[in-house]
Amino acid sequence: MSENHYTFRIQRNRKAADGRIDSRWVEYPVSATPTTTVLTLLEEIKGEQDGSLTFRQSCRSAICGSCAMKIGGRTRLACKTHVESVAHNGVVEIAPQANQPVLKDLAIDIGPFFTRIHAIRPYLEDGPDTDLVLEQSAYDQVNHVTQCILCGSCYSDCVMAEVSQEFIGPAALAKAFRFVSDPREGQKERRLEQLSHPHMMWTCARCAMCVESCPKDVKPMEAIVKLRTRGIAKGLKDGPGPKHALAFHHDIQKAGSLNEFTLMMRTVGILGTLEELGTAFHLMKKGKVPSPLPHKSKGLEELAKIYEILEEHPLDVETKAKEVVPE
Amino acid sequence: MRLDFAYYPGCAAKQVQKEADVAARAVANALNITLHDMPRATCCGAVSLRETKPAFSLAVAARILSEAEESGRHLVTICNTCLQTLTHANHRFKNEPELLDKINHVIVQAGVRPYQATIQVYHLLWVITDQLDPKVVQAKVVKPLNGLRVAPFYGCHNLRPEEIFDSAAGEKADHLDRLITLLGGEPVAYDGHDKCCGFHVMLSDKREMRAMVAKNCLNAKNAGAEVMITPCTLCDMSMGSFQGPAEKAIGQSIQLPEMNFAQLIAVAMGLNDSAGLNRLHVPPQAALAARGLS
């Protein structure tokens, strides 16, 4: 395969004497075949052009998670990313992971990410919820999320983590789901209760960026959706997140469409609504106030019947992980 | 080619964001795209119903998809979240025949026609940029945007998860950029074009939601955008109507006019009566006038 010319535009970061980070972009020309990995080229730059370039790497096989960095605007494993797939007009832009402090160049302090992983207690605990008999299907859910290599890509691209220091983040929630859905776990309910607290599972904005960023197809957001379903099923309905979600199923079942007029009241309560009166007036200025009597669709009796049937005969529609067969 | 669709505007377009619906109908009409109303269609349940009642949410989607299928038409929407919710269900029905059987077994008992999983779910933006000859669109542009610098804000639910959609999604999606160019504008590249508007945490995490709005709008503005467009009525609500509250939250003025993609097309096609610009919180008229569009 013939070689192409690429320009690596790398964010170089250095801690100044006052502790702040000095950032500048430096360009490095490289030649490579389109399927050369970004990591190979970073090593080449470090070896032949500038030995001071700092980045993390280890296994080169997409299993250690060390070389996750922003490549072409998204967090990716440098060892798994072909240079051509991320080049825009021959330029490959590389920066450190976001949402955590930068140490030097492309290396970040991974402490905040791991603090969050530890916060969900990433180990099986004794307790009353342990299943004593394991069915064939016992790991249908667990196996979705055990592929996580803790590379931090999802946390780096998380739009909620970008604006919230408190949010627990996608990887920790996916890990929490791994324990909540493990038949051996003894504290499933206690975990769900803790996951219902502010800045935990209900704070995810459902943007699915983590689904796209994850190099191991863990789909953290899908795990978050399943956690929420389990939380509500256990009666953990306090707080604006579950109340908002529950309002939808009430409205659709009764009227077929969403009653946006009362949605706020039902989500944040009277006090919350009063607090938001300023916003409500602001919206009213442009006539953006929903009607209290939304449009009714035809055939709503069908919906009521469907609801009734499913309440009487619940259907399991959860996606299942592929069976893992030992090699 | 006959462009004939079952039209599913979504709850927001029927109420608070009705300007998007008015503009979409006018633009579709001008482009000979026929949008048929769906009298039986309910709310899709958005991301919430999937969490509270997963099986019910699939049944609700099957009932909506079945109505479109019975009319012999693919479904088209102007809300990203409706698009993702219905596409997610449709993708599962097409790939999990046993699941489709189970859901059909339930809806048939309620008198609903079973869904055969034969239709596609499209965004009106995709129909305009994928299925029409660009020349057909350009022929209707009587007021080219004259180099207007437009920030495309895609939102999340027409992009991710990439593998489910019936058009290019994820990092490959470029519909808005192509549309802006087609109308004679200049698409602005900025950090945030594929990020979240915060709509779904507007009530539960309002500080964070406002921070998202502010960040996306500021990034677009600092990259030189004169206006922003989105393909989603929920993004419109966040980035447009909540830009004021977001400004208040960060203590900084942004004032980036924001509108639905259909409204900007209406402007470029001279369909001013249907553009609904007076319903926008950050008025775009001055920015448009500066480019000779008024």
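**Entry: the model.** I noted that this is a predicted model, in which local features need pLDDT of at least 70, side-chain atom pairs count only at pLDDT 80 or more, and totals for chains, interfaces and linings use all residues. Residues are numbered from 1 along each chain as its sequence is written, while chains are lettered from A and ligands numbered from 1 in the order in which they are written. I read ipTM 0.96 and pTM 0.96 for the model.

Entry: I listed 14 helices and 7 strands in chain A. Helices (H or I, at least four residues) and strands (E, at least two) are DSSP runs, numbered from the N terminus. The C-alpha trace of chain A spans about 70 × 60 × 45 Å along its principal axes. Of its 327 residues, 43% count as buried, that is, 20 or more other C-beta atoms lie within 10 Å of the residue's own, against 12 or fewer for exposed and in between for partly exposed, with C-beta atoms placed from the backbone.

**Entry: a sheet in chain B.** I traced an open sheet of 4 strands in chain B, in the order β6-β5-β7-β8 with parallel pairing; strands pair if DSSP finds at least two bridges between them. The edge strands, each pairing on one side only, are β6 (186–187) and β8 (258–260) of chain B.

I then looked at β7(B). Strand β5 (residues 149–152) of chain B is joined to β7 (residues 227–230) of chain B by 3 bridges. B:V150 stands opposite B:V227, and B:A151 stands opposite B:M228. Another 3 bridges join β7(B) to β8(B), where B:M259 is the bridge partner of B:I229. Both faces of β7(B) are covered, with B:V227 and B:I229 buried on one side and B:M228 and B:T230 buried on the other.

**Entry: two helices in chain B.** I checked how α10 (residues 206–222) and α12 (residues 243–250) of chain B pack: the angle is about 100° and the axes are 8 Å apart. Axes are lines fitted to C-alpha atoms, for helices over the stretch in contact, and angles run from 0 to 180 degrees between N-to-C directions. α10(B) and α12(B) are therefore roughly perpendicular (65 to 115 degrees; under 35 is roughly parallel, over 145 roughly antiparallel, the rest oblique). Among the residues making the contact are B:R207 and B:C217 of α10(B) and B:Q243 and B:I250 of α12(B).

**Entry: B:L288.** I placed B:L288 in helix α14 (residues 285–290) of chain B. B:L288 counts as buried because it has 24 C-beta neighbours inside 10 Å.

Conventions:
Two residues are in contact if their C-beta atoms, placed from the backbone, lie within 7 Å.
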